[in-house]
Amino acid sequence: MERIDKQKIVDSVPQKGFFGQPKGLFTLFFTEFWERFSYYGMRAILVFYMYYEVSEGGLGLDRNVALSIMSVYGALVYMSGVIGGWLADRVFGTSRAVFFGGVFIMLGHIVLSIPGSLTFLFISMGLIVIGTGLLKPNVSSIVGDLYHETDRRRDAGFSIFYMGINLGAFISPLIVGQIQSDYGFHWGFALAAVGMFLGLVVFVITKKGNLGLAGSYVPNPLTPSERKNAIKYTSIAVVLIGGLLAVLIPQGLFTINTFIGLVGLFGIAVPTIYFIVMYRSPKTTEVERSRIIAYIPLFIASVMFWAIQEQGATILANYADQRTNLSFMGWDLKAAWFQSLNPLFIIMLAPVFAWLWVRLGDREPSIPTKFAFGILFAGLSFLVILLPAYFGGPDTLVNPLWLVFSYFIVVLGELSLSPVGLSATTKLAPAAFSAQTMSLWFLSNAAAQGINAQLVRFYSPENEMLYFGIIGGAAIVLSMILFALAPVIKKYMRGIH
C-alpha cells in the first residue's frame with residue numbers, strides 16, 4: 001500500500017465535532033469504551049471464578065495459582081500487542097487490526113460464557129489475548145493519527161480518550177459483579193461478549209465518516225520477499241513449539257509453573273530486544289535514536305507503576321474478597337465492585353488533569369517529571385494498604401475505606417503517567433515503528449504483570465505488611481531517581497515537551 005504523508009492523514013479527519021477535538025475521537029472513544037466494558041467486566045470476576053469451589057460455580061484452583069494465572073493472563077494480553085502492532089505496521093494497517101481484534105475478543109468471551117472446564121478457560125484466554133493484541137495498541141495509534149505532532153490538543157485528547165476507557169471499566173464490574181452474584185459466572189461472561197459486539201458496531205458504522213485516512217494505511221509495508229520469509233519462519237516456529245509441547249507436557253516437563261516462569265522471562269526479554277532492533281534499524285534517524293534513549297527510563301518507570309496498579313485485579317481483588325468487611329453501613333458489597341474504584345476516580349479526575357496540563361501552559365511539568373510523580377503515588381498507595389494489618393492484625397476484616405483510599409492514591413499516579421505515556425509514545429516513536437512503539441508501551445504492562453506472576457506467590461495475610469512495604473518503598477526510591485534524572489532525559493527527547 002502506498003505510504004501516506006502525515007499531514008494528508010490529519011487533513012482528511014474532520015477536526016471539530018467532539019468536545020473541541022477531531023470528530024474521529026468519538027469513534028475511538030466509544031469503540032474503546034465497549035472493549036474495556038467487556039474486558040474489565042470479565043476481569044472483575046475471573047480470579048474468583050478460578051479459585052472459588054466447584055460447588056460455588058468456580059473451577060476450584062489453588063488461590064495462589066489462580067493469582068499467578070491472572071497475572072500471566074494480563075502479561076500475555078499486553079505482550080500480544082507486539083504482534084498486533086507489527087501486523088498493523090507491516091501488513092494491514094491499524095483500522096483493520098482493530099476490527100479483527102474486536103472479533104477475536106468477542107469470541108473469547110462467548111467461549112468463557114459456556115459452562116465447561118479449565119480447557120474452555122484457556123481457549124477463551126487465547127482468543128482474548130490475540131484479540132486484545134490486535135485492538136489495544138492500534139486503537140491508541142489511530143488516536144495519534146488524528147493530530148499533527150505540534151497540535152496542543154493532543155494531550156487533552158488522549159486524556160478524553162482515556163476517560164472513555166475508564167467509563168467502560170467503571171460500569172462493567174458493577175453490572176457484571178451483580179449478574180454473577182445473582183445468576184452465576186457464565187452469565188457475567190456472556191454480558192462481556194455483548195459489550196464487545198456493541199464496540200464493533202460503533203466502529204464499523206462511524207469510522208468512514210469520522211476517521212478519514214487515519215488507520216487506513218500501512219506505515220512500513222512488507223516487501224514480497226519479506227512477506228514470504230515471515231510466513232515461512234512463522235510456520236516453522238509454530239511447528240517447533242507445537243512439537244515440543246506435545247513431547248514435554250505428557251512427561252510433566254512443561255507445567256503451569258513452567259509457563260508462568262517463561263512468561264516472566266519473555267516479559268523482560270521481548271521489550272529489551274525491541275529497543276535494540278528499533279535503535280539499530282537503518283530506518284531510524286539520529287534524532288529518533290536519541291528519543292529512544294529517552295524512552296528507556298520512562299519504560300522502566302512504567303513497569304514499576306503497572307507492577308503496583310495491576311495488583312488491583314489480583315492481590316487487592318483477593319484482599320477485597322477475603323480481608324475486607326463487605327457489610328458496610330447497611331450495604332451488602334460485592335468484591336467485584338471494588339474493581340470499579342480505579343476507573344471511577346479516573347472519570348472524576350481525568351478532566352481535572354486535562355484542564356491542568358492546558359492551564360499550566362509553559363509551566364507544565366516535563367514528561368519524565370510526570371512519570372516520577374506517577375510512581376511516587378503508586379508507592380504511597382501500597383504503603384497505605386499495609387496500615388490495616390499494622391493497626392488490626394492479619395486476622396481481622398478491615399474497613400473497605402482502606403481499599404478506597406489506596407485506589408484513590410494510585411489513580412493520582414495513573415493520571416500523571418498513563419495518558420501522558422500514551423501521548424509521549426506517539427511523539428517519541430520512530431516513524432517506521434509507530435504502531436510497534438505503541439505496542440512497546442503496552443509491553444511495560446506485560447513486563448510488570450510477568451513480574452507480578454512471581455511476586456503474588458509471596459503474598460499472604462500474615463506477611464502483607466512486608467509485601468506491601470517492600471514493593472511500595474521500591475517505587476518511592478525509583479521516583480526520587482527519576483526526579484533527579486528528568487533534565488537529562490528531557491535533553492535526549494530532542495525538542496519533544
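This is a predicted model: local features need pLDDT of at least 70, side-chain atom pairs count only at pLDDT 80 or more; totals for chains, interfaces and linings use all residues.
Residues are numbered from 1 along each chain as its sequence is written, and side-chain values use heavy atoms, with hydrogens and water left out. Local features need pLDDT of at least 70 and side-chain atom pairs count only at pLDDT 80 or more, while totals for chains, interfaces and linings use all residues.

Helices are DSSP runs of H or I of at least four residues, numbered from the N terminus. The expected span of a helix is 1.5 Å times one less than its number of residues. Helix 6 (residues 154-183) has 30 residues and should therefore span 44 Å; the distance of 43 Å between its end C-alpha atoms agrees with this. Just after helix 6, G184 adopts a positive phi of about 115°.

Helix 9 (residues 256-280), with 25 residues, reaches 36 Å from its first C-alpha to its last, close to the expected 36 Å. A bend of about 25° occurs in helix 9 at F266, the bend being the angle between axes fitted to the seven residues ending at a residue and the seven starting there. Buried residues (under 20% relative accessible area, 1.4 Å probe, protein chains only) of helix 9 include I260, V263, G264 and G267.

T132 lies in helix 5 (residues 118-145) and counts as buried because its relative accessibility is 1%. A polar atom of the T132 side chain is 2.8 Å from the backbone oxygen of I128. Apart from neighbours within four places in sequence, T132 is in contact (heavy atoms within 4.5 Å) with E35, R36, V77, S80, I105 and P137. T132 and F104 are 28 residues apart in sequence, and their C-alpha atoms are 8.0 Å apart.

Q449, in helix 16 (residues 434-455), is also buried, with a relative accessible area of 4%. When residues up to four places away in sequence are not counted, Q449 touches M70, S71, G74, A75, Y78 and E310.

The largest pocket has a volume of about 2,100 Å³. A pocket is an open set of points on a 1 Å grid over the protein atoms alone, where a 1.4 Å probe fits, with protein on both sides within 12 Å along at least five of seven lines; lining residues have an atom within 4 Å of a point. The volume is the space filled by probe spheres set on the points, which are joined across faces, edges and corners. The lining comprises 49 residues, of which L76, M79, I83, I241 and F266 lie nearest the pocket centre. Helix 3 (63-79), helix 4 (81-112), helix 5, helix 8 (224-248) and helix 9 each supply at least two lining residues. Helix 8 provides the largest share, 11 residues.

Conventions. Buried means under 20% relative accessible area, exposed over 50%, partly exposed in between (1.4 Å probe, protein chains only). A polar contact is a pair of N or O atoms within 3.5 Å; within protein, one must be able to donate a hydrogen and the other to accept it, and residues adjacent in sequence count only if both atoms are side-chain atoms.
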